[in-house]
Amino acid sequence: MPLWPGNQWEIKTTLKAKTRETNGLRGNASFAGLTVTQFLGAFNDNLYKQLLLLIALDYRALHKLGNDPFQAIATLAFSIPFVLLSGFAGFLSDRFSKRSMIVVCKVLEIGVMGAAMAAFLTGEISTGETLAWLIVVLFFMGAQSALFGPSKYGILPEMLSERDLPAANGVIQMTTFLAIIFGTALSGFLKDAFSDQLWIVSGLCVVIAVFGTLASLLVTRTPAASPRMKFSPECLIVERSACRYILGDRQLLGAMLAYVVFWFAGALMLPMTNLVAREQLGYSDTTTSICVAFIGLGIAAGCLVCGRWSGGRVRFSLVRLGGRGLVFASLALVLVSNGPMFTASLRLVLFCTGLFLTGFLAGVFAVPLQVFVQARPPAHFTGRVLGAVGLMNWIGITLAAGFYFLLTQFKAATNTDSGWLFLSVGVLFAVVVGCFRQPDPPPSREK
């Protein structure tokens with residue numbers, strides 16, 4: 001029996017907020033403001049995170065460590081706040097206006113980026129103390145992003161008609177991963193350019209956070225979904241009623257589990273690609289970051305194309321298509337990384353192409369799942385359900401950090417080339433494709 005049974009599609013259309021837009025995405029200033037806001041936030045996250053991961057690799061090389069602990073620790077530092085705060089963030093996004101939560105989170109981002117700037121100004125990046133402080137800052141960046149997530153995604157059904165959600169999610173996911181592209185690629189370039197003045201890089205992050213805060217003011221004011229809801233300790237994880245709702249809807253639970261796989265794999269791909277590019281292929285920080293950016297470029301393209309292919313409805317067939325493709329894309333990356341028959345320039349082209357294809361297929365895999373978990377719950381549960389989705393995703397990312405550490409331990413013990421690590425992603429999606437058997441749900445009946 002498949003893990004995701006069920007054939008019924010019953011989108012709840014209970015949202016009655018007066019702010020909901022029905023005129024599409026073009027000319028929608030509120031949607032444009034949200035898109036710019038989340039783009040700049042994702043850009044900052046990935047610029048700083050990739051900068052810290054490259055610094056961690058420098059520290060590893062300087063101290064001649066056999067495994068790669070600090071990339072795993074940095075990934076944990078960024079993901080643990082999502083595990084701790086996603087449930088509470090879902091509660092806040094239902095209890096208060098999602099627009100207000102978005103603005104508050106962007107103000108917090110300014111403070112976090114200011115703390116990073118202070119760390120670079122007051123310490124030497126080659127020391128363990130400064131690296132530890134930078135990881136602490138990354139933890140608080142994760143906390144700010146955790147609070148932002150449920151409101152960012154939960155406000156879409158309040159702002160837009162249901163038929164616009166697939167296209168809107170395609171745009172949001174596309175711009176998110178464009179931010180990953182530019183943030184990640186620029187990180188390596190700026191690290192090489194300002195190796196002795198990295199405070200300039202964090203200063204740029206402060207400026208970007210300010211512009212993101214200004215853009216958030218364009219988002220439509222929305223009423224609180226559940227303004228009378230009272231706080232209880234269970235809101236720090238997942239509220240009991242929301243948990244019962246999720247567990248009682250096997251389609252929703254199955255889509256959430258599949259979506260976790262997307263983020264688990266993404267958390268593996270970033271440090272894997274850094275390690276393979278720097279250690280096995282011998283690329284510079286700039287070239288390594290450009291390689292990683294091709295993953296984001298692929299995801300952005302895949303999300304945009306999937307949004308168009310969806311035709312205003314959820315198509316689970318695209319989830320299976322993307323998953324099958326990812327199995328073959330991971331095998332291609334193993335071949336390109338380890339094959340002795342390629343010249344250096346050809347290997348670089350094929351490696352970037354393989355990373356782009358991996359990202360493209362991941363975008364196709366993810367968009368239908370994201371739309372489904374947004375549209376499925378009734379309005380008064382949307383924030384808490386999305387908080388639970390975020391919690392599950394970041395538990396997956398946290399587990400991925402530990403799994404990556406174990407993989408590098410195994411690699412060091414067996415003297416295996418780093419490129420073989422990509423095989424683990426292929427095995428993961430092969431399992432998912434074998435389990436995810438839901439048919440395409442019928443089109444929404446919304447007029």
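## Salt bridges and helices in a predicted model

At 10% relative accessibility, K411 falls below the 20% limit and therefore counts as buried. Please keep in mind that this is a predicted model. The partner of K411 is E279, and the closest N and O atoms of this salt bridge are 3.2 Å apart. The pair ties together distant parts of the chain, since K411 belongs to helix 12 (residues 382-414) and E279 to helix 8 (residues 250-280), 132 residues apart. E279 has a relative accessible area of 35%, so this residue is partly exposed.

How many salt bridges does a search of the whole structure find? The search finds eight. Some of them share partners, and in this way D58, K191, R278 and D285 are joined into one network.

| Salt bridge | N to O distance |
|---|---|
| K411 and E279 | 3.2 Å |

Helix 3 deserves a moment of its own. At its start, a side-chain oxygen of S97 comes to within 3.3 Å of the backbone nitrogen of R99. Does the length of the helix agree or disagree with its number of residues? With 25 residues at 1.5 Å a residue, helix 3 should span 36 Å, and the end C-alpha atoms are 37 Å apart, so the two values agree.

Finally, let us turn to helix 7. Which residues of helix 7 (residues 240-248) are buried? They are A242, Y245 and I246. These residues cover an arc of only 95° around the axis, so they sit on the same side of helix 7. An α-helix has 3.6 residues a turn, which means that residues three or four places apart point the same way. On the face turned away from the buried side, helix 7 carries the exposed residues R240, R244, L247 and G248.

Key:
Residues numbered from 1 in each chain as written. Predicted model: local features only at pLDDT ≥ 70, side-chain atom pairs only at ≥ 80, totals over all residues. Heavy atoms only, no water. Salt bridge = Lys/Arg side-chain N within 4 Å of Asp/Glu carboxyl O. Helix = DSSP H or I, 4+ residues; strand = E, 2+ residues; numbered from the N terminus. Buried < 20%, exposed > 50% of the residue type's maximum accessible area, 1.4 Å probe, protein only. Expected span 1.5 Å × (residues − 1). Polar contact = N/O pair within 3.5 Å; in protein donor to acceptor, adjacent residues only side chain to side chain. Arc of directions from axis to C-beta.
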